[in-house]
Amino acid sequence: MEFLPFESSKSEEINKLFIKVFSDSEGQTEGELIGNLTYDIMSSTDAQDLYGFVATENDQIIGSILFTRLTFQSGVNAFLLSPVAVSSSYQRKGIGQKLINFGINQLKENGVRIVFTYGDLNFYSKVGFKSITEQTAKAPFKLQYPEGWLAQSLFSDEIEPIAGDSSCVEAFNKPEIW
């Protein structure tokens, strides 16, 4: 298995992976929603605001993650991890965790200070994320599930409060995602 930065030439293959994984686990509507989000991220986000990584086996993409810039008024260098997909036949083997750790290490090497995600604490705590409140860092939109607002400092054990509002890349400017 190999972990690599994603290449835009593989966008269609990555998009199909997200649609299939989320359709299998959450239903066709969710698969299409995440597929459209993934396509929007890869096709409309400026290169300096996007990091993407894939897990491959035998030259086939079996997992992918995307990180997009999260902008705060304070100017802290932050990114949002979302979405994450691992092919259904490869799940529960630690591939997602390894892929996330690979991506986080790449971001750290590029000076990113903090990574956020919005998801299941039981899963993301395995890769260092901690539950935070909006007093620590405001999400770009009202959260449907505030307990899912998670963060990880890449340079400290503590997550220091970040003052001011935040904004996300255009693909995430949809309140229904939050």
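The model is predicted, so local features need pLDDT of at least 70 and side-chain atom pairs pLDDT 80 or more, while totals for chains, interfaces and linings use all residues. Residues are numbered from 1 along each chain as its sequence is written, and side-chain values use heavy atoms, without hydrogens and water.

**Stop one: rings.** Rings of Phe, Tyr and Trp (its six-membered ring) pair if their centres lie within 6.5 Å; planes under 30 degrees apart are stacked, over 60 edge-to-face, the rest tilted. The count is 14 aromatic pairs. Select Y51 and F79. Their ring centres are 5.1 Å apart and their planes meet at 65°, so this pair is edge-to-face. Y51 lies in strand β2 (residues 50-57) and F79 in strand β4 (residues 78-86), 28 residues apart. Strands are DSSP runs of E, at least two residues, numbered from the N terminus.

**Stop two: the cluster.** Select F72, F116, Y118, F141, W149, F172 and W178. They form one aromatic cluster.

**Stop three: F155.** A charge sits over a ring if NZ of Lys or CZ of Arg is within 6 Å of the ring centre and within 35 degrees of the ring normal. Select K108: its charged end sits over the F155 ring, 5.5 Å from the centre. Then select R113, whose charged end sits over the F155 ring at 4.2 Å from the centre.

**Stop four: A78.** Find A78 in strand β4. Is A78 buried or exposed? A78 is buried, at 0% relative accessibility. Buried means under 20% relative accessible area (1.4 Å probe, protein chains only). A78 touches R69, L70, F72, V112, I114 and F116, leaving out residues up to four places away in sequence. Contact means heavy atoms within 4.5 Å.

Methods:
Helix = DSSP H or I, 4+ residues; strand = E, 2+ residues; numbered from the N terminus. Buried < 20%, exposed > 50% of the residue type's maximum accessible area, 1.4 Å probe, protein only.
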